[in-house]
Amino acid sequence: MPIEIKEVKSKKQLTDFIYLPSIIHKGHKNWVPPIYMDDRVFFNAKKNKSFSYCDTILALAYKDGKLAGRIMGIINCRYNKIHNENDARFCFMETWEDAEVFNALISFIISWSKEKGMKNLVGPLGFSDKDPQGFLIEGLNEPIVIAANGNFEYMPRLLEKMDFEKKVDCVVYKVNIPEVIPPVYSSAFERVMNRNNVIIHEFTKRSQLKPYIRPILTLVNETFKDIYAFAPFELREMDDFANRYLLLMDPKFIKMITNKENEVIAFVIGMPDISQGIIASKGRIIPFGIFQIFRAQKRTKQLNLLLGGIKKEYRGLGLDIAMGVTMLKSAKEHGIQFIDSHLELETNLMMRAEMEFLGGTVYKRYRIYQKSLIN
């Protein structure tokens with residue numbers, strides 16, 4: 001019986017799409033389920049503004065009449081126009097180790113992309129770099145963090161057999177927290193703060209963060225605009241992003257720098273790892289899963305970096321060092337043993353240098369692939 005590919009159109013099919021990974025990854029110790037309440041919003045075209053400027057398609061694969069895989073295709077029309085590209089993307093792909101199903105899903109998105117006039121297919125890559133991206137190719141035995149792919153090793157292998165090649169890698173650094181902050185870090189911090197007329201802000205309450213949400217995310221738009229696959233936040237998206245993550249934030253791990261005019265010029269956001277809480281709750285935070293997440297947040301020894309940026313005219317002054325040293329001190333005070341940098345483009349040499357200055361080493365690597373659709 002041939003593989004059957006069906007476009008997701010009904011509520012039942014969307015439910016199957018959302019929950020299929022939990023079946024495929026059953027027993028996969030390093031896989032972290034999504035927060036399903038968020039997924040219900042994320043894949044809803046009426047609630048996720050990204051659908052308004054993208055062409056999209058969701059599809060399910062069936063083998064012998066049984067659900068066997070899923071995939072999403074995206075054409076980010078706004079991004080393509082700004083960057084003069086003709087790329088389609090595939091993402092949120094899940095299958096068992098079955099080349100027939102895998103090939104059928106990719107071939108379906110290739111056909112759809114060609115019909116839309118696209119010249120290349122890239123992925124895994126979602127609406128923007130804020131979504132899980134790339135297949136994990138190194139560090140498959142390391143714990144996965146929220147908003148990152150936790151694929152099996154066969155996924156990139158099957159993709160490469162379909163003649164997909166590397167487009168770009170993203171690396172993840174592990175920074176061990178030292179027992180004592182090295183004097184070189186403390187000296188660097190003092191030099192930076194003494195020679196620059198700036199103030200570093202630390203927080204103890206979430207309410208203190210609210211006035212700075214839009215300024216921080218506006219700075220994200222400025223500093224990330226040339227980063228591959230970045231999609232800028234619009235005002236509504238800033239508020240949606242804050243509402244989605246603010247409850248899970250620990251204000252002690254948010255550092256911000258302002259100039260003498262009280263303008264936000266640099267920031268870094270970290271979050272104690274909640275992966276074990278999400279695993280324990282099986283991605284369902286209502287009614288009691290949220291308590292498992294908070295418990296995991298208090299017990300974890302890992303801090304995940306989420307976002308960071310420095311205003312262009314203030315780069316090269318050591319503000320990144322000042323925030324890094326401050327973050328290390330807070331991590332040490334709260335029993336954190338290491339920091340996960342989250343994904344950094346391998347070409348982002350400035351951020352990589354900062355991680356390496358703090359003693360970080362690469363322990364995971366994600367790969368975004370590409371294939372020409374021109375015969």
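Which residue with a positive phi follows helix 12? It is G359, with phi near 90°. Helices (H or I, at least four residues) and strands (E, at least two) are DSSP runs, numbered from the N terminus.

This is a predicted model, in which local features need pLDDT of at least 70, side-chain atom pairs count only at pLDDT 80 or more, and totals for chains, interfaces and linings use all residues. Residues are numbered from 1 along each chain as its sequence is written, and side-chain values use heavy atoms, with hydrogens and water left out.

**Stop 1: helix 12**

Buried means under 20% relative accessible area, exposed over 50%, and partly exposed in between (1.4 Å probe, protein chains only). The arc is that of the directions from the helix axis to the C-beta atoms.

Contact here means heavy atoms within 4.5 Å.

**Stop 2: helix 6**

Select residues 183-195 to see helix 6, which has 13 residues. From first C-alpha to last it reaches 18 Å, close to the 18 Å expected at 1.5 Å a residue. That expected span is 1.5 Å times one less than the number of residues.

Colour Y185, A188, F189, V192 and M193, which are buried. They fall within an arc of 125° seen down the axis, so they line one face of helix 6. An α-helix has 3.6 residues a turn, so residues three or four places apart point the same way. The face turned away from the buried side carries the exposed P183, N194 and R195.

**Stop 3: the largest core**

A nonpolar core is a set of buried Ala, Val, Leu, Ile, Met, Phe, Trp, Tyr and Cys residues joined through side-chain atoms within 4.5 Å. The largest one has 50 residues. Select V220, Y228, F267 and Y366, the members that touch the most others. Among the elements that supply at least two residues each are strand 7 (165-176), helix 8 (235-245), strand 10 (264-272) and strand 13 (361-372). Helix 7 gives the largest share, six residues.

Centre on Y366. Leaving aside neighbours within four places in sequence, its contacts include F135, L136, I144, V168, C170 and L343. Apart from this core lies another, of 31 residues, including V268, I310, V325 and L328.

**Stop 4: H342**

Move to H342, in strand 12. It counts as buried, at 15% relative accessibility. Not counting residues up to four places away in sequence, H342 touches V145, I146, A147, A148, V171, V172 and L305.

**Stop 5**

On a 1 Å grid over the protein atoms alone, a cavity is a set of points where a 1.4 Å probe fits but cannot get out; a pocket is an open set with protein on both sides within 12 Å along at least five of seven lines; lining residues have an atom within 4 Å of a point. Grid points are joined across faces, edges and corners, and a volume is the space filled by probe spheres set on the points.

There are two cavities of 30 Å³ or more. Of its 13 lining residues, select I213, L246, M249, I254 and I269, the closest to its centre. Helix 8 gives the largest share of this lining, four residues.

Next, the second largest pocket, with a volume of about 430 Å³. Its 16 lining residues include S10, L14, F43, N44 and A45, the closest to the centre. Helix 1 (11-24) and strand 2 (54-63) each give two or more residues to the lining. Strand 2 gives the most, three.

**Stop 5: backbone details**

Where is the cis peptide bond? It joins G123 and P124, with omega about 0°. P124 lies in the loop between strand 5 (120-123) and strand 6 (135-138).

Go on to D163, in the loop between helix 5 (154-160) and strand 7. Its phi is near 70°, a positive value in a residue other than glycine. D163 is exposed, with a relative accessible area of 56%.

Finish at K282, in the loop between helix 9 (275-281) and helix 10. Phi of K282 is also positive, near 55°. K282 counts as exposed, at 59% relative accessibility.
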